Amino acid sequence: MDFRIVEGTEQISTEEAAELLKTTYWAGNRPAEKIRKSMQHSVCYGIRSEEDDKLIGFARVMTDYATTYYLCDVVIDPEYRHRGLGKMLIAHITAQPEYAGLRGFLMTRDAHGLYAQYGFVPVQGRAMERAPQN
């Protein structure tokens, strides 16, 4: 099965993102209106299946484009996990030139190993940080 990365809210609907976020411990009960608003004020990324165009991965980045970005809501559909799709999504996002000179942050309870592969280091507990890549 082939997959492709998509960017922007014009390619990712609130309903699709909400379905994926329902499977998470951090946003399982987040109201659709909050998801919509959060997407409007973020840079959104997704992974779609080429076979049926289904959204199977999602992530958001909040940034000021000058000093800092915050990577959040990273989720892969449970049926598609353990296929390297999370790595594909994080690799794509961290390779974006607009984030290269910025300090990156994220919070995770259980995926420190994934994010460490892309230069994020633990700061304290669940927080992780990635130094600017100049």
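Modeller: This is a predicted model. The largest pocket holds about 740 Å³ of space.

Biologist: What makes a set of points a pocket and not a cavity?

Modeller: A cavity is a set of points where the probe fits but cannot get out, whereas a pocket is an open set.

Biologist: Which residues line the largest pocket?

Modeller: Its lining has 30 residues, and Trp26, Val74, Asp110, Ala111 and Tyr115 lie nearest the centre. Strand 4 (68-76), helix 3 (85-94), strand 5 (103-107) and helix 4 (112-116) each give two or more residues to this lining. Strand 4 gives the most, with seven residues. By class, the lining divides into 15 nonpolar, six polar and nine charged residues.

Biologist: Why is helix 1 called roughly perpendicular to helix 2?

Modeller: The axes of helix 1 (residues 14-21) and helix 2 (residues 32-40) come within 10 Å and cross at roughly 115°. Angles of 65 to 115 degrees count as roughly perpendicular, so helix 1 is roughly perpendicular to helix 2. The crossing is right-handed.

Biologist: Which residues make the contact between helix 1 and helix 2?

Modeller: Helix 1 brings Thr14, Ala17, Ala18 and Leu21, and helix 2 brings Ala32, Ile35, Arg36 and Met39.

Biologist: How do the residues of that contact divide into nonpolar, polar and charged?

Modeller: Six are nonpolar, one is polar and one is charged. Arg counts as charged, and Arg36 of helix 2 is in the contact.

How values were computed:
Residues numbered from 1 in each chain as written. Predicted model: local features only at pLDDT ≥ 70, side-chain atom pairs only at ≥ 80, totals over all residues. Heavy atoms only, no water. Axes fitted to C-alpha atoms, helices over the stretch in contact; angles between N-to-C directions. Helix = DSSP H or I, 4+ residues; strand = E, 2+ residues; numbered from the N terminus. Parallel < 35°, antiparallel > 145°, perpendicular 65-115°, else oblique. Left-handed = near helix turned anticlockwise from the far one by under 90°. Contact = heavy atoms within 4.5 Å. 1 Å grid on protein atoms, 1.4 Å probe; cavity = no way out; pocket = protein on both sides within 12 Å on 5 of 7 lines; lining within 4 Å. Points joined across faces, edges and corners; volume = space filled by probe spheres on them.
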